[in-house]
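Subject: Structure handover

Hello,

Here is the structure you asked for. My notes on it come after the files.

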Amino acid sequence: MLELKNVCFTRDNKKILDNINLKIDTNKFIAITGPNGSGKSTLVKMIMGIEKPDSGEIIFDGKDITNLKINERANLGISFAFQQPVKFKGITVYDLLKIASKKNITKKEACEVLSRVGLCAKEYVDREVNGSLSGGELKRIEIATVALRGSKLAIFDEPEAGIDLWSFNNLIEVFENMRELVKGTTLIISHQERILNIADEVILMRRGKIEKIGSSKEILENNIKNSINCCKVKKVGGNKCQN
Ligand SMILES: Nc1ncnc2c1ncn2[C@@H]1O[C@H](COP(=O)(O)OP(=O)(O)OP(=O)(O)O)[C@@H](O)[C@H]1O
Ligand SMILES: [Mg+2]
């Protein structure tokens, strides 16, 4: 359903995405992981059309979408939840969920979705989606909008970021139920072992390249081995260290 062919993106002489080739099948739950700055967010922004590759192609459902705009890709069924969720001043949670679902859902239906992302629906449904909501609350509301959009491909950039440890278990359950909630392919960037464990496949990125694709067990073993290799520190003179 999604294919990236030789996708490259270079800025300031740095290869942020270095010849990415990737195929993702329909109805899969795929996790992307890797060190900070390895190109994970950039990769998913290419798929949504927030950034454009310097070269290469992006194919979605057999159609070349490389030059399509964000809204055109959204109309084809791709949706995106940001690492830092967007706020909508003046719009209530209920309004936002109605817009996302593209139909006049009832408050009861909106409340059901809010409950499924772990929010006490009555408290939130009439609140404005502004800065008064906490980071974790905004994340959950954003996940609810993506779920309601009925996307063919739902992309989540670190949904666990900013979520406290107590709410985290509850959020993992949301993602464990994601297949039912999203009814399509889910592509999720995460550093959390529990999220990687529920994925059909995990993609490990490093320095703008796909280093490995495999089960969470294979990827975590590989990652630990490589982190140990790249963390050897040489002591240079006094107290100064250099990698
Ligand atoms: N438009 C741009 N111009 C210059 N540098 C960029 C641009 N977009 C991304 N980068 C750089 O590319 C690298 C990859 O960024 P990206 O946000 O994709 O990383 P990431 O893997 O998502 O990291 P994190 O785990 O911290 O979210 C970073 O070093 C970032 O500073
Ligand atoms: Mg990122």
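Predicted model: local features only at pLDDT ≥ 70, side-chain atom pairs only at ≥ 80, totals over all residues.

Ligand site

The shell around ligand 1 has 16 residues, of which Lys14, Gly37, Lys40, Ser41 and Thr42 come nearest. By class, 8 of the shell residues are polar, 6 are charged and 2 are nonpolar. Strand S2 (14–24) and helix H1 (40–48) each supply at least two residues of this shell, and H1 gives the largest share, with 3 residues.

Oxygen atoms of ligand 1 have polar atoms of the protein close by in these cases:
- Gly37: a polar backbone atom is 2.8 Å from a ligand oxygen.
- Ser41: here a polar side-chain atom lies 2.9 Å from an oxygen of ligand 1.
- Ser38: a polar backbone atom is 3.1 Å from a ligand oxygen.

On its own, ligand 1 has 640 Å² of accessible area, and the protein covers 67% of that.

Salt bridges

The whole structure has 7 salt bridges. Three of them are described here.

Lys209 and Asp18 are joined through their side chains, with an N to O distance of 3.1 Å. This pair links distant parts of the chain: Lys209 is in strand S12 (residues 209–214) and Asp18 is in strand S2, 191 residues apart. Asp18 counts as buried because its relative accessibility is 16%, under the 20% limit for that class. Lys209 is partly exposed, with a relative accessible area of 43%.

Lys152 also forms a salt bridge, with Asp61, and the closest N and O atoms of that pair are 3.0 Å apart. Again distant parts of the chain are linked, the two residues being 91 residues apart. Lys152 sits in the loop between helix H6 (135–148) and strand S9 (153–157), and Asp61 in the loop between strand S4 (55–60) and strand S5 (63–64). Lys152 is partly exposed at 41% relative accessible area, and Asp61 is partly exposed at 42%.

Glu221, at 49%, counts as partly exposed.

Thr185

Thr185 is in strand S10 (residues 185–189). Its relative accessible area is 0%, so Thr185 is buried. A polar atom of the Thr185 side chain lies 2.8 Å from the backbone nitrogen of Asn27. The backbone oxygen of Asp25 is 3.3 Å from a polar atom of that side chain.

Other surface features

Ile50, Ile70, Phe82, Val86 and Phe88 make a nonpolar surface patch of about 360 Å². Within this group, Ile70 belongs to helix H2 (residues 70–75). Ile70 has a relative accessibility of 39% and therefore counts as partly exposed.

Asp126 lies in the loop between helix H5 (121–124) and strand S8 (128–129). Asp126 is partly exposed, its relative accessible area being 48%. Along the chain, Asp126 and Lys107 are 19 residues apart, and their C-alpha atoms are separated by 9.4 Å.

Regards

Methods
Residues numbered from 1 in each chain as written. Chains lettered and ligands numbered in written order. Heavy atoms only, no water. Patch = residues over 30% accessible without salt bridge, like charges linked within 9 Å, V, L, I, M, F, W, Y side chains within 5 Å. Areas by Shrake-Rupley, 256 points an atom, 1.4 Å probe, with all protein chains shown as cover. Salt bridge = Lys/Arg side-chain N within 4 Å of Asp/Glu carboxyl O. Helix = DSSP H or I, 4+ residues; strand = E, 2+ residues; numbered from the N terminus. Buried < 20%, exposed > 50% of the residue type's maximum accessible area, 1.4 Å probe, protein only. Near = heavy atom within 4 Å. Polar contact = N/O pair within 3.5 Å; in protein donor to acceptor, adjacent residues only side chain to side chain. Nonpolar A, V, L, I, M, F, W, Y, C, P; charged D, E, K, R; others polar.
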